[in-house]
Amino acid sequence: MSHRYTGLSRFMRRVVAPLGVSLGMALTPAAQAQGDDIVIGGSIPMSGVFAFAGVGIHAGIGDYVKMLNEQGGINGRKVVYVPEDTGYKVDVSVAAFKKITSQNKVNLYYGDSTGFSKTINPELDRKGDILMTGASFATEINDPDKFPAQFLVGPDYTEMFGILLKYIAQETPGATVAFVYSDTEFGRDPIESSRKRAEELGLKVGAEIMTPPGSVDVSTEVLKLRRARPDYTIFHGYVLAPIPEFVAQGRQMGLKSRYMGTFWTMDNSTVMQMGENADGFMGVMPFRYYYDEEKAPMLEKIRAMRPEYQSTAYMQGFMAAMLMTEAVKRTLDEGKELTSKNMKAALQSIRDFDTGGIIGVPISVKGNSVPVGRIYRADYASKKMVPASDWIILD
Amino acid sequence: MRIATAKESYLQDEALFDSRTQRVWAALLGLALIAYPFMANDYWLYLACLVAINVASATGLNILTGYTGLVSLGQAAFMGLGAYTVAVMEHHVGGFFLLNLLAAGVVAMAGGIVVGIPSLRVKGLYLAIVTIAASFLAHFLFVNSGFTGGTGGMTVPPAQVAGVALDTSFRIYWLIVPVTVLMVLGAANLFRTRIGRAFIAIRDRDISAEVLGIPLLRYKLLSFGLSSFYAGVAGGLWAYFFRVVTPESFPLIMSIFFLAAIIVGGMGTILGGILGAIFMTMVPEVLRILVGLLPVSGDTLQFVSPVRTIVFGLLIVGFLIFEPHGLAEVWRRIRRFFHLWPFRN
């Protein structure tokens, strides 16, 4: 008999108990928001290849929500932020979406990638009660007809190129530009449309060079760049590599081109990783940098909350939360129900909106985007990005 | 307690479920799968569908790697072929979704046979490297073919049954799970046939298999073809499930995921492929739920989240060290315990 009980208890101890506890814990719903709370769900890449941005986005959304709740929420309704880590994988992001929306009455959502946005939008259309934004600036998403429940926090990639090209056309009319981009959906996104835009602005596209993302040996491509002798070289579809290699080898070969990047390259810490080659690197940035000295009450609040440097991804998350909650506020003020259609209409009614200085000019939502940005230039001596232009608003 | 299973005929000897206990449990599992969508919320239904797709693909890889001994890192590419076939068929041909799924399997099968040709000359790690090429070739094809939508990929309309769109997890469950069950049963049956036995003979010693009269060319390519067919159908289900297919949807890491699934689950057993796919899909989710139960929020969450990845990695390493035969062996031990229970085993 003792054997019998020993065997059974050993089995219970080794298999059934841990399994039961795990299942019990797994099936226990997480803490839920209260009835009339405004819920912001988030598929946030706090681990994985995009964690460098996800951590900032998470902090930015969290801080704005905290600030808003301290001021009484939206018309007295508390805002609750429910994030889940995704590791920057589409299937995990969708699982996070399903988990959050199953456990909460979600009104607003932050998605972590273009792939996720494209996957989840049919579901948003079917649900009809969630307004979404995210880390994607894909041109494809800037289409209110195809993506009626989504918007971009800033310009799309084509518009980013548009801002850069507008600046180049003003600074050096008739200049030759080169596009260097990664062989990804992200990298190829603005190239075709920007080629046309460059022609319209009287610029010459001297070279279009495609590389694998994150490639290291780019000697052949640098030679192509040298042959084209562009006045400006715009990189897109990378975070950093292979940009430092291009800049370093280009300078060694005596290339006088000015190098430029788009949003995800432009964080202060990313650019400064290039070392001395960072000096003079330029790019488009829809938001102010944490340390900008121009008058910006919201930046002062952020600096009071967080004395250490906050990334541009933080600003993006902060602005995302600001615009999403502004759409909710306008919808509630009009006495309308919080449907994605009403919230999107409220969002698109935003004209000359003051962001407290996060963006240096009053902004208006056009289509699904906010087509405004500024050119910043790296000053390696002070290890800071400094303004190189005024704010540029696209028509 | 089960003492033994007396088999009085060849039919009984060949049966897939050879005892009443097995048949009862299989029936209960079937009933549970039918009842599940009515009890689970959207999140758990989504996970069930994702697990089922991964089970189908892992089972296919198990046929090739677990049973035939041919290592492949091209499973994701074949899934991609299947997914794109469904997307293209839906856009340009329309047609019944089951036919599209069949076409997905056939196209992937053709791709698998082509990629499998070098398996006649190379084995092991060398073959794995050859199959990696499939990923790059498929990616190139998806990006540059005129009809695949380029880097932006393609959206896939939902499958339709009698005018009803299978556009929710609840509805598509009734497509994905039955197809997966059929595929798993098909694979289980395969190894009771001459073809399956030939695969096993090739795995155990290909030269001996040839001496026994098994044509290596035919059977190795057949194994590649069958495995890719499974991947293609799984890819087709994936396309109907996510409804967006892009060249970046099926990266090389996905092939490694499936290889890890069958290693953790137990190579060369049907149950291993199933358990491995469940483990690899569900453990990160269960860890997410456990992390969610911790009293952490705000900035702390960003430090806790990567811990999940570490724990997941450690669990895989732990399994490989302490149970190299995989989860299927753990399951067998549990079954043996109950066979002899209440007596000590």
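Strands β5(A) and β7(A) run parallel to each other and pair over five bridges, where pairing takes at least two DSSP bridges between two strands. Strands here are DSSP runs of E with at least two residues and helices are runs of H or I with at least four, numbered from the N terminus. This is a predicted model, so local features need pLDDT of at least 70 and side-chain atom pairs count only at pLDDT 80 or more, while totals for chains, interfaces and linings use all residues. Residue numbers start from 1 along each chain as its sequence is written, and chains are lettered from A in the order in which they are written, with ligands numbered from 1 likewise.

Across from Tyr181(A) sits His236(A) in β7(A). The sheet itself is open and mixed, with seven strands of chain A in the order β6-β5-β7-β8-β9-β10-β11. Its edges are β6 (204-211) and β11 (384-393) of chain A; each has a single partner strand, so one side of each has no neighbour in the sheet. On average, neighbouring strands are turned by 25° against each other, direction ignored. Helix α7 (residues 191-200) of chain A packs on this sheet, touching β5 and β6 of chain A, and its direction makes about 175° with that of β5(A). Such angles run from 0 to 180 degrees between N-to-C directions, with axes fitted to C-alpha atoms, for helices over the stretch in contact.

Then there is α9 (residues 243-252) of chain A, where Ile243(A), Glu245(A), Phe246(A), Val247(A) and Gly250(A) are buried (20 or more other C-beta atoms within 10 Å of the residue's own, C-beta atoms being placed from the backbone). These buried residues pack against β5 (176-182), α8 (219-228), β7 (232-236) and β8 (258-261) of chain A, a contact being two backbone-placed C-beta atoms within 7 Å. Just past α9(A), Gly254(A) adopts a positive phi of about 80°.

Elsewhere, the axes of α2 (residues 51-70) and α12 (residues 312-333) of chain A come within 6 Å and cross at roughly 40°. Residues meeting here include Gly56(A) and Tyr64(A) from α2(A), and Met315(A) and Ala321(A) from α12(A). The contact comprises 14 nonpolar, six polar and one charged residues; Ala, Val, Leu, Ile, Met, Phe, Trp, Tyr, Cys and Pro count as nonpolar, Asp, Glu, Lys and Arg as charged, and the others, Gly among them, as polar.

Technical notes:
A residue is buried if 20 or more other C-beta atoms lie within 10 Å of its own, exposed if 12 or fewer, and partly exposed in between; C-beta atoms are placed from the backbone.
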